[in-house]
Amino acid sequence: MDGPVAHQFQSPDYQYNINSPPWRKLLWVKQNYPDNYVDSTFLDELQKNVNVHTYDYWKMVYESGVITQHISSVVIFVAIFIYLQVGTLAVTHLIWTGSLLTGVGYVFCDLVMTRRHHAIERKRVVKSAIFFFSTLLGLSPILKTLTSQTSDDTIWALTVCCFLANVLFHDYVSQSRARVKIPGSLSTNAAIFGSTLLASRFDTNLDVFGLLSFAVEWFALFPILRRYLQELSPKVQVTLTILMLLVSVAMFLRISRAIVFLYMLGFCFITFICPYWLIFIQKYKNEIHGPWDEARPRLQKSKRNFFKKRPA
């Protein structure tokens, strides 16, 4: 070849001149080349699948536990509602058991994990808990008659939608041990609203209070404890996943074996099939990068107290 080759993008008015200077990739320099000209080195910087992440199957199976744990928590809560409605479970047992487990979980997070709270903060937590549950007990008569004019079919349909929203919009991203965020507000509000709809089907104020207090503990506080346990040890994470699976199956065996069968299929699909599916479709990913990509500015992080006045 005697000189640079213009590819098929050259304009009809372009005529190659051997005395022309070599083409440079500079927009601010006027050159004897058309605007859409590319030389023979244009594709030398082509890169394929630079940002493709390689997944490990068993690691993904392990990380799917955060999803199956949350689904199991919804299944367990629905089973508890059914047991309360048919009279198999006493509401007083639910209240005392939920309060005891919540206290144990708080002490565990406070003493074993964080070790940062002072006595005054513990008093504030206790006062807030007493005020919240007292207010909830006072509102129970109102919540009991909240949907008195609504049919059961409408309540069941709305409840299913609320719990679906809770599962879909839950924050499954694990946080660091030093900064564990509370669950997403949309997911938590959907679960509490669905629990309120279910509680409105009860006949006594104590049943309403028992289910709603347990819903707050189960959907707002228990996810925080699960994230602490997730950061504590992989064995603890796997043990909790299996334990919640067994509790869900044991509670629903007395209600519907068909639901247990569907739940087990969904559990196996999420835990074992979905990770393999994701790894399998990675080979069809074809992402290209080259000189035609937009430039990405690299912004330097601002230093803390950079503009703070220095002491004289």
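Colleague: How far apart are the end C-alpha atoms of α2?

Modeller: Quick caveat: this is a predicted model, with pLDDT of at least 70 needed for local features and 80 or more for side-chain atom pairs, while totals for chains, interfaces and linings use all residues. Residues are numbered from 1 along each chain as its sequence is written, and side-chain values use heavy atoms, leaving out hydrogens and water. Helices are DSSP runs (H or I, at least four residues), numbered from the N terminus, and the expected span is 1.5 Å times one less than the number of residues. The 22 residues of α2 should therefore span 32 Å, and the end C-alpha atoms agree at 31 Å.

Colleague: How many residues of α2 are buried?

Modeller: Buried means under 20% relative accessible area (1.4 Å probe, protein chains only). α2 is mostly covered, and of its 22 residues the buried ones number 16.

Colleague: What about α8: which helices do its buried residues pack against?

Modeller: Among the buried residues of α8 are L240, M244 and F252. Those buried residues pack against α1 (57–63), α2 (65–86), α7 (205–232) and α9 (257–281).

Colleague: Which residue caps the N-terminal end of α8?

Modeller: Look for a side-chain oxygen 3.3 Å from the backbone nitrogen of K235. That oxygen belongs to S233.

Colleague: Which helix gives the largest share of the nonpolar patch?

Modeller: The patch covers about 1000 Å² and includes W58, F269 and W277. W277 lies in α9. Seven residues, the largest share, come from α9.

Key: Buried < 20%, exposed > 50% of the residue type's maximum accessible area, 1.4 Å probe, protein only. Helix = DSSP H or I, 4+ residues; strand = E, 2+ residues; numbered from the N terminus. Contact = heavy atoms within 4.5 Å. Polar contact = N/O pair within 3.5 Å; in protein donor to acceptor, adjacent residues only side chain to side chain. Patch = residues over 30% accessible without salt bridge, like charges linked within 9 Å, V, L, I, M, F, W, Y side chains within 5 Å. Areas by Shrake-Rupley, 256 points an atom, 1.4 Å probe, with all protein chains shown as cover. Salt bridge = Lys/Arg side-chain N within 4 Å of Asp/Glu carboxyl O.
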